[in-house]
Amino acid sequence: MSGNIITIDGPSGAGKSTIARLAALRLGLRYLDTGAMYRAVTYHCMHAGIRLDDPKAIAGALKGLDLQVELSLDGPMRVFVGGKEITDKIRTQEVTRNIHYVADVMEVRNFLVEMQRKIGENGNLVTEGRDQGTLVFPNASLKVYMFATPAVRARRRHAELQARGAETTYEEVLEDVSKRDYLDMGRELGGLKKAMDAVELDTSELSPDQVAESIVKLAKSRLKMQTRKIDKSALEAARRQAEEGKKQG
Ligand code: C5P
C-alpha cells in the first residue's frame with residue numbers, strides 16, 4: 001500500500017457519510033462509499049427482475065453486472081451500472097429495505113470486497129461502511145468506529161424524514177434503525193463490528209464538523225498527514241451533498 005487508507009465503520013445513522021466526506025476533503029483523499037455499492041447491486045437486481053429471496057439468483061445476477069464507481073477528490077462518489085448513472089436512484093427507501101437480501105449473499109460480498117481492495121490498491125482513500133477496518137482493509141493506516149445511541153440516530157433520521165414531508169412516527173423510525181442494526185451486526189461475513197485497533201468515536205452529542213475534525217487531528221498526529229486549505233463554500237457543498245444523498249435513503 002503506498003498512500004494512507006482511513007476506514008470509517010459504524011451503524012446506519014451514525015453520520016458516517018457526511019463525516020467521511022468532510023475528512024476526505026480536508027486531507028486530500030478520495031472518498032469511497034461502500035454502502036452505495038451494495039445499494040447499486042440491490043437496485044440492479046430489483047430492475048433485472050431477480051427474486052430477492054433467492055440468493056442463487058442474486059449471485060447469478062453478478063455475471064452480467066457492469067458496475068463502475070467514480071471517485072473524486074472534491075465531488076461525491078458517482079455510481080454507474082451498464083454505463084448509466086444511478087447515483088441518485090439508489091437512495092430510495094425501497095432500495096434501503098431490500099439491501100439486506102443482497103448484502104447477505106457471500107458472492108456479492110466477495111465481488112464488492114475485491115472491487116474495494118482494487119480501488120484502495122494505491123491508498124489515498126477514506127472508505128466508509130461496516131467491514132472496512134475488519135475485513136476489507138485490515139492493514140489500514142487509521143481505523144475509526146463511529147457510533148451513536150439508537151435513540152439519537154432515530155431522532156436524526158426522523159427529523160430528516162419529517163423535513164421531506166414523510167409521515168412516519170419516531171417509534172417507527174426507531175424500529176427501522178434497530179432492525180437494520182440487528183441485520184448488519186448479525187451478518188456472518190462482513191457484519192458490523194469494531195476492529196480491535198479502531199478508535200471509537202461517539203457522535204451522539206457532536207456535529208459532523210466536530211467529528212470530522214477529530215479524524216483530521218488523528219490523521220495529522222498519527223500519520224503525519226497535512227491538511228488542505230478548503231474554502232468554506234466547498235466544505236458547505238460537500239456537507240450539503242452528503243446530507244442530500246442520505247436523506248433519500
Ligand atoms: O451505508 P449505507 O446505509 O448506505 O449502507 C446500506 C446497507 O448496505 C447497510 O445497511 C448494510 O446492510 C450494507 N453494507 C454492507 N457492507 C458495507 C456497507 C454497507 O453490508 N461495507
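I began with the open sheet: five strands in the order E2-E6-E1-E7-E8, paired in parallel (strands are DSSP runs of E with at least two residues, helices runs of H or I with at least four, all numbered from the N terminus; two strands pair if DSSP finds at least two bridges between them). Strand E2 (30–33) and strand E8 (199–202) are the edges, each pairing on one side only. From one strand to the next I get an average twist of 20°.

Before going on, I noted that this is a predicted model, with local features needing pLDDT of at least 70, side-chain atom pairs counting only at pLDDT 80 or more, and totals for chains, interfaces and linings using all residues. Residues are numbered from 1 along each chain as its sequence is written.

Next I looked at E7 (residues 142–147), which runs parallel to E8 and is joined to E8 by four bridges. Valine 144 has valine 199 in E8 as its bridge partner.

Then I turned to H7 (residues 150–163): its 14 residues reach 20 Å from first C-alpha to last, close to the expected 20 Å (1.5 Å times one less than the number of residues). Which residues of H7 are buried? I found Arg153, Ala154, Arg157 and His158 (buried means 20 or more other C-beta atoms within 10 Å of the residue's own, exposed 12 or fewer, partly exposed in between, with C-beta atoms placed from the backbone). Seen down the axis, the buried residues of H7 fall within an arc of 130°, so they line one face of the helix (the arc is that of the directions from the helix axis to the C-beta atoms). On the face turned away sit the exposed Ala151, Ala159 and Ala163.

Last, just after H7, I spotted glycine 165 with a positive phi of about 85°.

Note on methods:
Axes fitted to C-alpha atoms, helices over the stretch in contact; angles between N-to-C directions.
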